[in-house]
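Colleague: I'd like a close look at just one part of this model. Which residues surround the ligand?

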Amino acid sequence: MSENILLRARAIEKRFGAVVAASSLNIDILAGQRVSLIGSNGAGKTTFVNMVTGYLKPDTGSIELGGRDITRLAPRAITHLGVARSFQIPQLFAELTVLENMLVANACHGQRLSFWQPARRGDAVDRADALLQRFQLAEHRERRVAELPGGVRKLLDIAMALTGQPRLLLLDEPTSGVAAEEKFPMMDIIMTALGQEAMTVLFVEHDMDIVERYADRVVAFYAGRIIADDVPAVALAADDVRRYVTGTLH
Ligand SMILES: Nc1ncnc2c1ncn2[C@@H]1O[C@H](COP(=O)(O)OP(=O)(O)OP(=O)(O)O)[C@@H](O)[C@H]1O
């Protein structure tokens, strides 16, 4: 195996009854890549992400992380191996503060239950503060999540996903529901923050302006198949992508 390949999916098949959600999927993700998964509704993007995170098992095929077979592992085991996920609707504790949410996330990652010991707690707070700084969230540190605007919550959700120091981060439409004029500034914050750890990122995205600007590779899905896998300029110009994803070819 090339040591640069962080995630390798081979011959993945997944059906739900008559629906083909994944068919002959072969994907190698290199360490440090920022890969956008695109496709119309029902194309199979989330199914792929769910299989990588262990929430769904492929019918056949294999998924490796850093050369280790994770195909049949439980989600929690995959998280411990370094796969983190942030959801379209942030999974936060509304009544806790931003810092408290970060500390809970930290406690949930790995075998860090000793975090409640005062000595460990200091380390956790330092790490949380560093991440809050990086995501431009430091000013919100003591605010309750319930009081925060949607964009700030999304940033917090991603910062929380990083507390376990993952190798691979999966993002589900990081700017969905965010006002158009806030999308680029928000993606700038996210990508700059992730760039500081050379994070490998897979992000599901419907906004092609975001894809063009922030992905260095695009994997396009249609009916469970990959119809393009290339740099954005090439993938977005492919006939099948224009026909089935962006709707610019009839
Ligand atoms: N748990 C499930 N049970 C039955 N069918 C499912 C299940 N999950 C996904 N599907 C079906 O599999 C196909 C692929 O769905 P998937 O959610 O992966 O698409 P998607 O590309 O993520 O779409 P969207 O952009 O709408 O999230 C769809 O036809 C969907 O209805």
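Modeller: Strands (E, at least two residues) and helices (H or I, at least four) are DSSP runs numbered from the N terminus. Residues count from 1 along each chain as its sequence is written. Bear in mind that this is a predicted model: local features need pLDDT of at least 70, side-chain atom pairs count only at pLDDT 80 or more, and totals for chains, interfaces and linings use all residues.

Now for the strands. Strand 1 (residues 5-16) is joined to strand 2 by 8 bridges, and the two run antiparallel. One place to check this on your screen is Lys14, which stands opposite Ala22 in strand 2. Both strands belong to an open sheet of 4, ordered 2-1-4-5, with antiparallel pairing. Strand 2 (19-30) sits at one edge and strand 5 (68-69) at the other, each pairing on one side only.

Strand 3 (residues 34-38) has parallel partners. With strand 8 (residues 200-204) it pairs over 4 bridges, and there Arg34 has Val201 as its bridge partner. Another 4 bridges join strand 3 to strand 9 (residues 217-222), again in parallel. For that pair, look at Leu37, whose bridge partner in strand 9 is Val219.

The ligand is surrounded by Phe16, Val19, Ala21, Gly39, Asn41, Gly42, Ala43, Gly44, Lys45, Thr46, Thr47 and Phe221, a residue counting if its C-beta atom, placed from the backbone, lies within 6 Å of the ligand. Phe16 is in strand 1, and Phe221 is in strand 9. Strand 2 and helix 1 (45-53) are the elements giving two or more residues to this shell. From strand 2 come Val19 and Ala21.

Just after the helix, Gly54 takes a positive phi of about 90°.

Conventions:
Two strands pair if DSSP finds at least two bridges between them.
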